[in-house]
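User: I am learning to read strands and helices in a protein model. Could you take me through it step by step?

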Amino acid sequence: MDGSGAQGPTAAGLGNSTDLGGPAAPAASARARAPIPRQRRPSAAGPRQDYLDAFGEDDDVLAPRGDARTADQGAAPPSGPAGPDAADGVDGDAARPAGESARATVTKGKTFTGIAAAAVTTVLAVVVAGQVAHDRSDAGLLPQSATDRAAPDAAGIAGTGADAKAAPPNVSALTYDQKMNTRYPLSPTLEGSGRFDAVPGFAKAPGTGRKYTYRVDVEQGLGLDGEHFAAAVQKTLNDDRSWAHNGGRTFERVSSGKPDFVITLASPGTTATWCAKSGLDTTEDNVSCDSAATERVMINAYRWAQGSKTYGDEMYAYREMLINHEIGHRLGYGHVTCDKEGALAPVMQQQTKFLDHDGIHCLPNPWPYPGS
């Protein structure tokens, strides 16, 4: 285990994310004077001038729409700034020519308003149509490929701009190596159910040496990938740098029968319970152990998920070391340390706890036979 334990034999080579409001209506005093010859106003482009050219320039027609609305409906004038008539202390009806009724004025005003609005609508429709036609042309020239579209984030909403956060990785889509390099969330104080599921399947021993059979159990409710864990155990143990070195041993994973040992991925609480069965305390540094009095080699899920300070971001190597270290205990090897400055730490050194000791600086090393 990574915790304290008796010394034993050592392996060879252990080193190592816009009003159409035209001109204001003339003041009342001006309109009450003798008739003044009409003068053409300067031409103004747009729908309003088109109407004036067709129907003439009747000052009544040009009376502010606010006056007409008030005379017709009896409604109070708007609460905003007062118009020209209001400023002169004259209401709309008093300013109209004799014999002209409020209703006629209203009718003319409404007629102008309707025609002007229709003209504006027509102009806008033509402009919009032209823009649509232009946009369609651009779309035809620059088709959007699938790769040009914003990729959806984890909530299925397309990311927008530089502030859009990258989606968390989809663990099921990661490769083996990517999974080995990824940290996973897990509490250091988690106490699991104590119930285990065997990872189904079979992984044949690839070598011809002394065969060890093992089963992989994963505690229920951890939220970790049990099949990936099992694949990591098989791949690591049968690496020539591991305990299968030079064909001396080979390891086979089973899911039934009676194996030589059971490699168990469990919560910190459950790990401590099983290690205590063999007189081992894993609570102080939240480590793993080989519970030799039982069939279980306990891998602390917190360490598997989060690693250690000694290995930092080297999650891949740390996980290999964790497997090799605890299986080393099962095979009979005890704790050792490096004895030379700058040397590789032996795999049986308690590397989760420390790399340096007695003034000697050791380098992290996950393998029993790193030179192979």
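User: Which residue stands opposite V297 in strand 6?

Analyst: Keep in mind that this is a predicted model. The residue that stands opposite V297 is D290, and the pairing behind it joins strand 5 (residues 289–290) to strand 6 in the antiparallel sense, over two bridges. These two strands form a hairpin, with five residues between them.

User: Which strand runs parallel to strand 6, and how many bridges join them?

Analyst: That is strand 4 (residues 261–266), which runs parallel to strand 6 and is joined to it by five bridges. As one case, L265 has I299 of strand 6 as its bridge partner.

User: Which way do the residues of strand 6 point, and are they buried or exposed?

Analyst: The general idea is that in a regular strand the side chains alternate between the two faces of the sheet. Here R296, M298 and N300 point one way, while V297 and I299 point the other way, and all are buried. Strand 6 (residues 296–300) is accordingly described as mostly covered, with five of its five residues buried.

User: How do the axes of helix 7 and helix 10 cross?

Analyst: The axes of helix 7 (residues 226–237) and helix 10 (residues 315–330) come within 10 Å and cross at roughly 75°. Angles of 65 to 115 degrees count as roughly perpendicular, and the two helices are therefore roughly perpendicular to each other.

User: Which residues meet where helix 7 and helix 10 are in contact?

Analyst: From helix 7, A232, V233, K235, T236 and L237 meet Y316, E320, I323, N324 and I327 of helix 10. Sorted by class, this contact has six nonpolar, two polar and two charged residues.

Methods: Residues are numbered from 1 along each chain as its sequence is written. This is a predicted model: local features need pLDDT of at least 70, side-chain atom pairs count only at pLDDT 80 or more; totals for chains, interfaces and linings use all residues. Side-chain values use heavy atoms; hydrogens and water are left out. Buried means under 20% relative accessible area, exposed over 50%, partly exposed in between (1.4 Å probe, protein chains only). Helices (H or I, at least four residues) and strands (E, at least two) are DSSP runs, numbered from the N terminus. Two strands pair if DSSP finds at least two bridges between them. Axes are lines fitted to C-alpha atoms, for helices over the stretch in contact, and angles run from 0 to 180 degrees between N-to-C directions. Angles under 35 degrees count as roughly parallel, over 145 as roughly antiparallel, 65 to 115 as roughly perpendicular and the rest as oblique. Contact means heavy atoms within 4.5 Å. Ala, Val, Leu, Ile, Met, Phe, Trp, Tyr, Cys and Pro count as nonpolar, Asp, Glu, Lys and Arg as charged, and the others, Gly among them, as polar.
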